Amino acid sequence: VRPVMARVGGLGGLVCVVAGFQVLFNQKLIWFPWLIILVQVVVALAWSILFNSVQFYVQQRLYEHTLTRFLPPTLVRKFAGNPELLKPGAVEQTISIFFSDIADFTELSRNIDSDALARLMNNYFETAVSRCIHPTEGTIAKYIGDAIFAFWNAPDPQADHPWRACAAALRFRDQKA
């Protein structure tokens with residue numbers, strides 16, 4: 001149950017319990033230790049609110065972390081604040097595309113230790129994304145093996161998208177191997 005509904009249900013149940021036992025006491029002179037139930041309801045309500053709040057926070061951070069793999073930080077903030085923007089659909093427009101690929105990757109991967117290959121690939125992707133594509137506000141479309149496919153002018157329009165794509169390519173070219 002979500003926090004708002006938990007509050008409503010918990011407080012409603014609490015009122016019913018207190019009122020029921022008050023009526024029981026007034027009419028039949030039977031005392032029931034309703035304070036125990038009151039404490040249990042309050043504790044359950046507090047736990048529900050805390051649990052759901054923490055769960056929502058973790059889900060939100062995971063959602064944002066996943067978006068950072070593909071979108072520049074400005075778009076992550078925009079989409080995290082309004083998930084409705086991620087609904088399927090497209091608008092036809094001109095985009096600039098960036099495609100990178102490691103030359104002779106198959107041969108390289110055969111002749112290198114798996115740990116060294118993993119470090120190489122992590123460095124390659126980190127460099128391309130955090131130093132080249134995202135600073136120019138490009139969007140990652142796909143990671144395809146050792147290749148990266150990115151584009152500009154979508155989902156937000158960018159009047160200077162050809163320049164941004166070229167700037168990312170030049171930044172990538174100038175990185176240390």
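Which elements do the buried residues of α5 pack against? I note first that the model is predicted. I looked up the contacts: the buried residues of α5 pack against β1, α4 (105–110), β2, β3 (147–152) and α6.

**Entry: helix α5.** I listed the buried residues of α5, among them L117, M121, Y124 and F125. The helix has 20 residues. From its first C-alpha to its last it reaches 27 Å, close to the 28 Å expected. I also checked the start of α5. There, a side-chain oxygen of D113 comes to within 3.2 Å of the backbone nitrogen of D115.

**Entry: ring pairs.** I count six aromatic pairs. In one of them, the ring centres of F98 and F172 are 5.9 Å apart. Their planes stand at 85°, over the 60 degrees needed, so I call the pair edge-to-face. F98 lies in strand β1 (residues 96–100) and F172 in helix α6 (residues 161–173), so this pair ties together parts that are 74 residues apart in sequence. F98 is buried because its relative accessibility is 6%, under the 20% limit. F172 has 22%, so it counts as partly exposed.

Next I took F125 and Y143. Their ring centres are 5.2 Å apart and their planes are at 80°, so this pair is edge-to-face. F125 belongs to helix α5 (residues 114–133) and Y143 to strand β2 (residues 139–144), 18 residues apart. Y143 is partly exposed, at 32% relative accessible area.

**Entry: the cluster.** Which residues do ring pairs link into a cluster? I find F98, Y124, F125, Y143, W152 and F172.

Definitions and conventions. Residues numbered from 1 in each chain as written. Predicted model: local features only at pLDDT ≥ 70, side-chain atom pairs only at ≥ 80, totals over all residues. Heavy atoms only, no water. Phe/Tyr/Trp six-rings, centres within 6.5 Å; stacked < 30°, edge-to-face > 60°. Helix = DSSP H or I, 4+ residues; strand = E, 2+ residues; numbered from the N terminus. Buried < 20%, exposed > 50% of the residue type's maximum accessible area, 1.4 Å probe, protein only. Expected span 1.5 Å × (residues − 1). Contact = heavy atoms within 4.5 Å. Polar contact = N/O pair within 3.5 Å; in protein donor to acceptor, adjacent residues only side chain to side chain.
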